[in-house]
Amino acid sequence: MAIFCAGLLLLATTFKMSLQSRQYHLPSNTAIDDLTIRTVDVPKLKYNEVLVKIHAVSLNYRDLMVATGKYPMGVKPDVVPCSDGAGEVVQVGEHVKDFKIGDRVVGIFNQLHLEGAITDEGMGSGLGGGLDGVLTEYKIFPEYGVIKFPEYLSYEEAATLPCAAVTAWNCLYGPTPVQAGHSVLLQGTGGVSIFGLQIAHAAGAKTIITSSSDDKLEIAKSLGADHGINYKTTPEWDKKVKELTNGLGVNHILEVGSGSVKKSFGAVRRDGSIQSFGVLEQTEQDANVPLLCLIGQVNLRGVFVGSRKQFLAVSNSYSFLMSRCWIYLRQERSNLLLIEFSSLMKQKRLIHT
Ligand SMILES: NC(=O)c1ccc[n+]([C@@H]2O[C@H](COP(=O)([O-])OP(=O)(O)OC[C@H]3O[C@@H](n4cnc5c(N)ncnc54)[C@H](OP(=O)(O)O)[C@@H]3O)[C@@H](O)[C@H]2O)c1
């Protein structure tokens, strides 16, 4: 199949035939069944663009929201869904410097968020939202819209990074970077929380994770969680978090937005931070957030994925974590091998099944 596709590409290039791409799109956004497939011509590349043959796409909760019309950010009409895709560069524009044919690349979530604070334009440039996404055979990106990923990651593994991993990284390496001795609360065992768990654990922080499932908590412990709390059987999980942190609360909370922000204020340490990234429930909160912020001296921060620069930092840290992982191995502490990020991606899937 791969040889057949490569042959077709060569023919198309040699005889200037137009290359075609099958892709999914959403003519309306009411249900996942709205997904429709079509075949389109791939336009000629501009000077600064790369053409990527997509090999793997990973799904996020956000893709479900887009498909069902519940995504709070803008979505372009008839959008090609999904933000997270990895593939192989098969053509490059004439001015492209940093990529060549055969490079393995992954797209950045917000195509116009390259570094620093996100702009309005950046907010509207999410793949599979404001812009067409990656659920397509071929995708044209501007050169700055992709990064190369390390050898040790497969296409499938790299495709899990752009949204969840970068968001988790941004939450933990924002204005107050996580460090050894800090404590971190991860809410639920979704993609962002599982990446956050392992990034925080690798930084030497004490990690506490919540879940509706004891089985998932066990898996989370095998990934480095120091404590697990079942938020169904322990609805007052905020008190339990305080208990586990000598009455102080945690330094960082990755807030999944499940309608219980008041409890997050109960679980955070004075002068700690709540990184608000999730929108699982869009109901009104009964919490007096300004007052809670004031009393707790809490830093409440909104996080929307992260920049290209942060994505590169995540990518670089994986190799750092891999080498730490080997140090642990040499010390025969193989139980700490859990921060092996290539298996982390598989665990992410496992945790969803
Ligand atoms: N701002 C951003 O840049 C950004 C980036 C990525 C995701 N998000 C948003 O963040 C949220 C999570 O995304 P995701 O991709 O990590 O989702 P996901 O992989 O689908 O996981 C969602 C998890 O949330 C947990 N959960 C549900 N209700 C909960 C509750 N009441 N308390 C604690 N945890 C609860 C569940 O954990 P258990 O199964 O263990 O109970 C579930 O597995 C979504 O709203 C998504 O749109 C935002």
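A residue counts as buried if 20 or more other C-beta atoms lie within 10 Å of its own, with C-beta atoms placed from the backbone.

**View 1. The whole chain of the predicted model.** By that criterion, buried residues make up 43% of the 353 residues in the chain. The secondary structure comprises 12 helices and 13 strands. Of the contacts in the chain with a separation of 6 or more, 65% are between residues 24 or more positions apart.

**View 2. The shell around the ligand.** The ligand is surrounded by 29 residues, of which the closest are G188, G190, S211, S258 and G278. Sorted by class, this shell consists of 12 nonpolar, 15 polar and two charged residues. At least two residues of the shell come from each of α2 (61-67), α5 (161-172), α6 (191-202) and β9 (206-211). Both domain 1 (3-159 + 332-352) and domain 2 (166-302) contribute to the shell, each with at least three residues.

**View 3. An open sheet of five strands.** The strands follow the order β6-β3-β4-β5-β7, and their pairing is antiparallel. At the edges are β6 (138-142) and β7 (146-148), each of which pairs on one side only. From one strand to the next, the twist averages 45 degrees.

**View 4. The pairing of β3 with β4.** Strands of a sheet pair through backbone hydrogen bonds, in either a parallel or an antiparallel manner. Here strand β3 (residues 49-58) and strand β4 (residues 84-92) run antiparallel and are joined by eight bridges. For A56, the bridge partner in β4 is A86.

How values were computed: Residues are numbered from 1 along each chain as its sequence is written. This is a predicted model: local features need pLDDT of at least 70, side-chain atom pairs count only at pLDDT 80 or more; totals for chains, interfaces and linings use all residues. Helices (H or I, at least four residues) and strands (E, at least two) are DSSP runs, numbered from the N terminus. A residue is buried if 20 or more other C-beta atoms lie within 10 Å of its own, exposed if 12 or fewer, and partly exposed in between; C-beta atoms are placed from the backbone. Two residues are in contact if their C-beta atoms, placed from the backbone, lie within 7 Å. A residue is near a molecule or strand if its C-beta atom, placed from the backbone, lies within 6 Å of it. Ala, Val, Leu, Ile, Met, Phe, Trp, Tyr, Cys and Pro count as nonpolar, Asp, Glu, Lys and Arg as charged, and the others, Gly among them, as polar. Domain bounds come from an automatic or database domain assignment. Two strands pair if DSSP finds at least two bridges between them. Axes are lines fitted to C-alpha atoms, for helices over the stretch in contact, and angles run from 0 to 180 degrees between N-to-C directions.
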